[in-house]
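User: Please take a close look at the charged side chains in this structure. Where do they pair, and where do they gather?

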Amino acid sequence: MSRTDAFRERRFGLFVHWGLYALAARHEWVKQRERLSDDDYQRYFDHFDPDLYDPEAWAEAAERAGMRYTVLTAKHHDGFCLWDSGLTGYNAGRTPYGKDLVGPFVEAFRERGLGVGFYYSLLDWHHPDFPIDGLHPAYVEGGDFPERDVTKYADYLHGQVEELLTRYSPDTLWFDFSYSGRIRQGKAVHGGKGKAEWRSAELVAKIRALQPDILLNDRLELPGDFTTPEAYQPTGPIGAVGEACQTLNGSWGYYRDNHTWKSPELLIKMLVDSVSKDGNLLLNVGPNGRGEFEPRALETLREIGEWMRPHGRSIYGAGASTFQAPADCRYTQRGDRLYVHLFSWPYRHLHLPGLAGKVRYAQLLNDGSEIRTWAPDPAYDNGHVHSIAIPEGTLTLELPVEPPKVAVPVIELFL
């Protein structure tokens with residue numbers, strides 16, 4: 001199986017946003033949002049000591065949730081590295097914690113057979129050669145900033161990517177992000193950067209030479225192996241290979257006082273919706289400053305896992321169907337199995353257009369109990385009750401009045 005096929009087969013992954021911003025606990029962009037200077041931000045580096053970090057516990061939580069791969073923020077926009085990079089002292093090995101965080105993470109997840117990828121920010125608000133632009137914490141409109149050599153920064157970027165590849169051999173690299181033409185609040189971002197500044201073509205060539213089968217996302221301002229719609233659900237197909245990225249609440253990094261949590265039922269529906277559009281779902285958790293997933297995140301993952309255990313075969317290896325699902329439903333299909341995910345439960349009957357004569361058996365997926373099927377007979381009339389306005393070619397499922405006690409009921413159709 002190719003890397004691309006394996007990626008599509010897994011369908012559900014864990015995104016982990018973790019770094020110095022976990023100590024601030026108010027969004028991973030806190031340095032930029034609050035215009036913190038390097039000196040202001042230094043206190044998080046000086047006190048970064050995640051003594052409760054247990055990557056095996058993280059991997060166990062991901063596996064129990066039904067996740068099949070992970071992506072870790074090796075470096076975010078603030079420039080802090082979770083591995084002990086030889087190219088900068090701004091890394092986990094120089095903090096009070098004093099150790100590499102990435103190696104144990106990789107080992108724990110691979111021990112459970114989970115795919116491993118790294119997020120790497122192309123921005124760097126700490127590096128002295130990264131030119132100050134409209135997204136930089138030090139930027140002031142109309143300000144006079146010292147000249148900085150982006151070529152030297154690109155050398156550093158390329159060197160760090162090479163470190164990650166040669167030390168850990170990830171399955172994917174998830175770059176973030178290019179903004180050479182970005183419009184923010186109605187204006188072009190001052191000094192925006194893209195493929196020219198990152199030397200993206202040169203970087204991709206280096207990556208392919210070191211690790212030919214690795215998958216790259218689409219944020220180097222070059223076509224990637226997969227697309228990455230973020231924080232919204234696409235209305236149509238996600239792409240030939242795509243991955244929708246979503247948060248548990250309103251932040252990627254740990255945000256103590258953000259309470260806009262999505263329910264497990266909503267997240268399951270987002271996963272189903274992504275797979276119905278032939279894409280994956282990468283669901284994010286932001287660990288806290290001690291290195292733990294907070295209780296509500298763990299509870300959410302547990303509830304998703306409870307649904308995934310009996311319903312996983314409607315997700316893993318499944319994708320879009322050519323059949324048109326009725327209202328408030330999503331179809332996924334895997335070979336001759338068509339899965340009907342009911343986002344709302346109808347009274348007694350569910351009408352499936354175009355499926356008359358195409359289904360040999362139907363059952364509820366959670367318990368394997370039969371669902372009876374019939375095709376309407378336009379000549380049938382018992383005097384009071386008869387089928388009206390059901391299009392020709394429709395298959396009707398006769399459902400129990402009470403739905404099964406699962407977040408999203410699924411009916412498995414054997415075509």
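Analyst: Start with the contacts. Of those in the protein chain between residues at least 6 apart in sequence, 72% join residues at least 24 apart. A contact here means heavy atoms within 4.5 Å. This is a predicted model: local features need pLDDT of at least 70, side-chain atom pairs count only at pLDDT 80 or more, and totals for chains, interfaces and linings use all residues. Residues are numbered from 1 along each chain as its sequence is written, and side-chain values use heavy atoms, with hydrogens and water left out.

The chain has 11 helices and 16 strands. These are DSSP runs numbered from the N terminus: helices are H or I with at least four residues, strands are E with at least two. Buried residues make up 53% of the 415 residues. Buried means under 20% relative accessible area, exposed means over 50%, and partly exposed lies in between (1.4 Å probe, protein chains only).

Now the charges. The protein chain carries 45 positive and 58 negative side chains, and the centres of the two sets lie 2 Å apart. Lys and Arg count as positive, Asp and Glu as negative; His and the chain ends are not counted. Each charge is placed at NZ of Lys, CZ of Arg, CG of Asp or CD of Glu.

Side chains of opposite charge can pair when their charged atoms come close. The whole structure holds 30 salt bridges. A salt bridge needs a side-chain nitrogen of Lys or Arg within 4 Å of a carboxyl oxygen of Asp or Glu.

Take Lys75 and Asp124. Their closest N and O atoms are 3.1 Å apart. The pair links distant parts of the chain, 49 residues apart: Lys75 sits in strand β2 (residues 69–75), Asp124 in the loop between β3 (115–121) and α7 (150–168). Lys75 counts as buried because its relative accessibility is 0%. Asp124 is buried too, at 1%.

Lys193 and Asp133 also form a salt bridge, at 2.5 Å from N to O. Lys193 lies in the loop between β6 (187–188) and α8 (195–198) and Asp133 in the loop between β3 and α7, so this pair ties together parts 60 residues apart in sequence. Lys193 is buried at 3% relative accessible area. Asp133 is buried at 0%.

Glu299 and Arg302 make a salt bridge as well, at 2.5 Å from N to O. Glu299 and Arg302 are three residues apart in helix α11 (residues 295–311), which means about one helical turn separates them. Glu299 is partly exposed at 34%. Arg302 is partly exposed at 38%. Shared partners join Arg313, Asp336, Arg337, Arg360 and Glu412 into one salt-bridge network.

Asp54, Glu56, Glu107, Glu111 and Glu292 form a negative patch. Patch members have over 30% relative accessible area and no salt bridge; like charges are joined within 9 Å, nonpolar side chains (Val, Leu, Ile, Met, Phe, Trp, Tyr) within 5 Å. Asp54 lies in the loop between α4 (38–46) and α5 (55–64). Asp54 counts as partly exposed because its relative accessibility is 35%.

The positive patch on the surface consists of Arg33, Arg35, Arg182 and Arg184. Arg35 sits in the loop between α3 (30–33) and α4. At 41% relative accessibility, Arg35 is partly exposed.

How values were computed. Areas by Shrake-Rupley, 256 points an atom, 1.4 Å probe, with all protein chains shown as cover.
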